[in-house]
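Grab a viewer and work through them with the solutions alongside.

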Amino acid sequence: MALDVIVSGLLVVDILAKVPSKIIKGTKHEISKILVQGGAPAGNAACVIAKSGLKTGFVGYKADNTLSIIANQELHKCGVNTSLMIEKENFQPAIAVVEVDANNGDRTVFYSLDNYSPLAIKDINEDWVKNSKLLLVDGYDVTGNLELLKIAKKHETPSVLDIETGDIAILKQMIQLGDHIILPLEGAQLITGLKDTHDCLFALGKLTKGQLIITDGANGSWAIENNNIIHQPAFPAKVVDTTGCGDAFHGAYAIALLEGKNLVNRMQFASAYASIIATHFGGRSYFPNKQEVENVIIKNTK
């Protein structure tokens, strides 16, 4: 089966809890919301892309245990094809506990990689990428994702790279291989050793001929095009939970890229999409259709 998009990265189950501002440690608290759903950058982006109607496959491992079953079902219910996932004994997805601030929607993430195994090079099938229209990978499962990026480069399959943190030397390798590199300001600062967003963009630009984009939450996103800085402000939103907003940006950017939108319109579409995700509890609780996204753009760009 030919797939439009191949996605690879950290497989996670999220446990989200809306935590009140005042708690008494060592006691029990009833809270308004606790939610279990799939999470992580690659998984969330895969769901965004699949929900748009693009045939999207997730690659990695699975096993017969509770967390793996939940993670796979969470992908499947969003329309993500999981047939490429490989059985691996004793494998377990990562698990994350996400504290969501009831006052402003900010989230704090605690995660464990116990028994997690990233995709190994020996299990990669070159045809996955060769026969697809786009590859999207994260900066966590670096060994397998570096190989996938090399394959994408070989077959001229466009790639979208979502990196946050990690070994700087490896992240630089990934940047060199990626076609569209999206990273948060903190990640750009980590890699470059610089503080200013514009300085980070120009410094990273020396590593790659690919399209660079730096995101910074409510402050918007920045990119370089023809040596000029483009800034896309964040769209206003009544924030409930910021979980998955960056992941949604990456997925929506990939959708816009495959639709042939130019850089400005890709950033605009991705920002508007992410602003809608922020108005819901959980990164996979709601997926807007294209008209909803366009309505946000029209309403705020008159």
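Axes here are lines fitted to C-alpha atoms, for helices over the stretch in contact, with angles from 0 to 180 degrees between N-to-C directions. Helices are DSSP runs (H or I, at least four residues), numbered from the N terminus. The model is predicted, so local features need pLDDT of at least 70 and side-chain atom pairs pLDDT 80 or more, while totals for chains, interfaces and linings use all residues. Residues count from 1 along each chain as its sequence is written, and side-chain values use heavy atoms, without hydrogens or water.

**Exercise 1.** Work out how helix 1 packs on helix 8.

*Solution.* Start with the axes: helix 1 (residues 41-51) and helix 8 (residues 245-258) lie 8 Å apart at about 45°. Next, the contact (heavy atoms within 4.5 Å): helix 1 brings residues including Pro41 and Val48, and helix 8 brings, among them, Asp247 and Ile255. Finally, sort the contact residues: eight are nonpolar, two polar and one charged.

**Exercise 2.** Do likewise for helix 6 and helix 7.

*Solution.* The axes of helix 6 (residues 185-192) and helix 7 (residues 197-205) come within 10 Å and cross at roughly 60°. Helix 6 is therefore oblique to helix 7. The tally is six nonpolar, three polar and no charged.

**Exercise 3.** Which residues does Leu148 touch?

*Solution.* Skipping residues up to four places away in sequence, Leu148 touches Ser8, Val59, Leu119, Ile124, Trp128, Val129, Leu135 and Val137.

Definitions and conventions:
Helices (H or I, at least four residues) and strands (E, at least two) are DSSP runs, numbered from the N terminus. Angles under 35 degrees count as roughly parallel, over 145 as roughly antiparallel, 65 to 115 as roughly perpendicular and the rest as oblique. Ala, Val, Leu, Ile, Met, Phe, Trp, Tyr, Cys and Pro count as nonpolar, Asp, Glu, Lys and Arg as charged, and the others, Gly among them, as polar.
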